[in-house]
Amino acid sequence: MNIKNNLFTWKRTHYAGTLRRENIGQRVTVCGWVQRLRDLGQLVFLDLRDREGLIQIVFSHESPDLLSLAKQLRVESVIGVKGIVRPRGEGATNPQLPTGEIEIAAEELVVFNEARIPPFQVIDPVVASEELRFRYRYLDLRRPSMQRNLRLRHEAALKTRFYFHRHGFLEIETPFLTKSTPEGARDYLVPSRLHKGKFYALPQSPQLFKQTLMIAGLDRYFQIVRCFRDEDLRADRQPEFTQIDVEMSFADEEDIFTLIEGLMVELFDLIGEKITPPFPRLSYQECLEKYGTDKPDLRNKITLLDFTSFLERASTEFLKLAQQANYVLKGIVIPGGASLSRSQLEKIQQQVKSKGSKGLIWIKGEGELKSSPRLEPGDALALWEKAGATAKDLLLLCLDQRDLVLKILGDLRGELAPSSSSPSFAFAWIKDFPLFEWREEEKKIVSVHHPFTSPHPDDLDLLEREPLKVRARAYDLVLNGYEIGGGSVRIHDMNLQRKIFQLLNLKEKEIEEKFGFFLEALTYGTPPHAGIALGFDRLIMLLAGQNSIREVIPFPKTTSALCLLTGSPSSVSPAQLDELGIEIKKTDKKNHNF
């Protein structure tokens, strides 16, 4: 199509999606992509799409040359149209579109770039595999839903910056090339050309830098920052991700809670949701016992019930034996669960057994009380009444070691909960986590959050003799079953910080090599301080109503950490490796290490 492509004479006057009835009679110039063509012979209707939406363009037989050119257009070609805005004909309006009452009668057409036939239609909902979408991400991003998601991401970042600015925070950049330190996941390493054999690490978080900024007297810091973790991926994780990073001097937990609750109010206002602080504060232990998880979805009203004391008077033989083994008996009532068939219950049993349990005890209350085999009728009735269940409910009981019982019932609580009319978003603060946990594969204790988290002042005397009982001044912000942020009150005393490193089995040489500069900095007048990091991608995912953070990241990686658009990671030349002083070690091909 040989049409003069002169952008100087085709200055856009309006975005297509912003035109309304008040523009009727105006001569406008719009530019965008061909979404759809409907050729009716004497008329061609064209939907033009830009980032703001769609507008219908009409080409008629009154301009035969223009009509002929329009008939040759392909979808996804980039065009410009000049014409008059007019009302649509009677019965031709489209109430689903903001521009559905109007159309443009075309007077001129220019084709800036013809498009090949795309590998999938640029429509919502998309009909294409995720692999195909990521391979042609530039086409996928043209879809209105993706454009809305990225606009929401922009608006949330802008709102965040204004919010922290109003509260006296300074946005300060921290380095991407830094030192490898233990943060709980693998580092991405960057070889140094100038210092062969040595490596930078991409930061898993700016933790030490933001604490150093507090020592430097900057008082209130924030940053919308990229972080990197070389870990296994899932729907809400990526090897590179964005977080809202915050640190405050002379602050404690409640200062952070109040600050972040205010931010949530403003961010959720972007989607018309009214969020009402304060959010519930729950202890870690309370969460596990009540919900079976430390990130509960509080829209789900099912709670775990404790029947362990019943074992003392049980007549069923296996319940008696369980008491002698110090097992716990806990359960959940599933509203409306009596309708589950035996085959459905058996499927649940198999699922539970696959997690290491011996199975579930179930009791139904429809008509005559029914229960799984081997449970004495008197015990079944006593448990049923203690649970306060009704005829339409199902009582599921799990008998085993406490940790396994909590895990199994916590999972079932989420999977079997009926749909709820409760609020769309339910926040909670989870606090008083353990400071340490035992890692069996390494045969040592490790930090639950990170080693810069302050112990609870009431538990300081337990540090040496019972460290696994020490609570941390750590907290997570949970929303709809997702952890969207985590932070803590930091250690600001050098001696306590060194003791924590020692309890983590770090040798003096290792402490000095990795943290020597920070320990020294702590000795020069460090204020008490606290902070938090919010997962920006995960937050936008929830704001946008998506199920994966890949839907709100412009150029995401796959679950195997590949960029299908650019083909990374990729091989590099021997010359590049030689310049860095690196040699690739050949290993057995069966291990897929190349």
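## A tour from strand 17 across the sheet

Begin by selecting strand 17, residues 427–431 of this predicted model, and notice that the strand is mostly covered, since 4 of its 5 residues are buried.

Now widen the selection to the open sheet of 8 strands, whose order is 6-9-10-22-21-20-17-11 and whose pairing is mixed. At its edges are strand 6 (170–171) and strand 11, each of which pairs on one side only. Go to strand 6, which pairs with strand 9 (residues 220–228) in the parallel sense over 2 bridges, and look for Leu170 opposite Tyr221.

Next, turn to the helices that accompany these strands. Helix 6, residues 253–269, packs on the sheet and touches strands 10, 11, 17, 20, 21 and 22, its direction making about 30° with that of strand 22. Helix 5, residues 207–215, lies across strands 9, 10 and 22, and runs at about 20° to strand 10.

Finish at helix 11, residues 402–416, whose 15 residues reach 21 Å from the first C-alpha to the last. Which of its residues are buried? They are Val405, Leu406, Ile408, Leu409, Gly410, Asp411, Leu412 and Arg413, and what covers them includes helix 7 (284–291), helix 9 (342–353) and strand 13 (328–334).

Methods. Residues numbered from 1 in each chain as written. Predicted model: local features only at pLDDT ≥ 70, side-chain atom pairs only at ≥ 80, totals over all residues. Heavy atoms only, no water. Expected span 1.5 Å × (residues − 1). Buried < 20%, exposed > 50% of the residue type's maximum accessible area, 1.4 Å probe, protein only. Contact = heavy atoms within 4.5 Å. Pairing = 2+ DSSP bridges. Axes fitted to C-alpha atoms, helices over the stretch in contact; angles between N-to-C directions.
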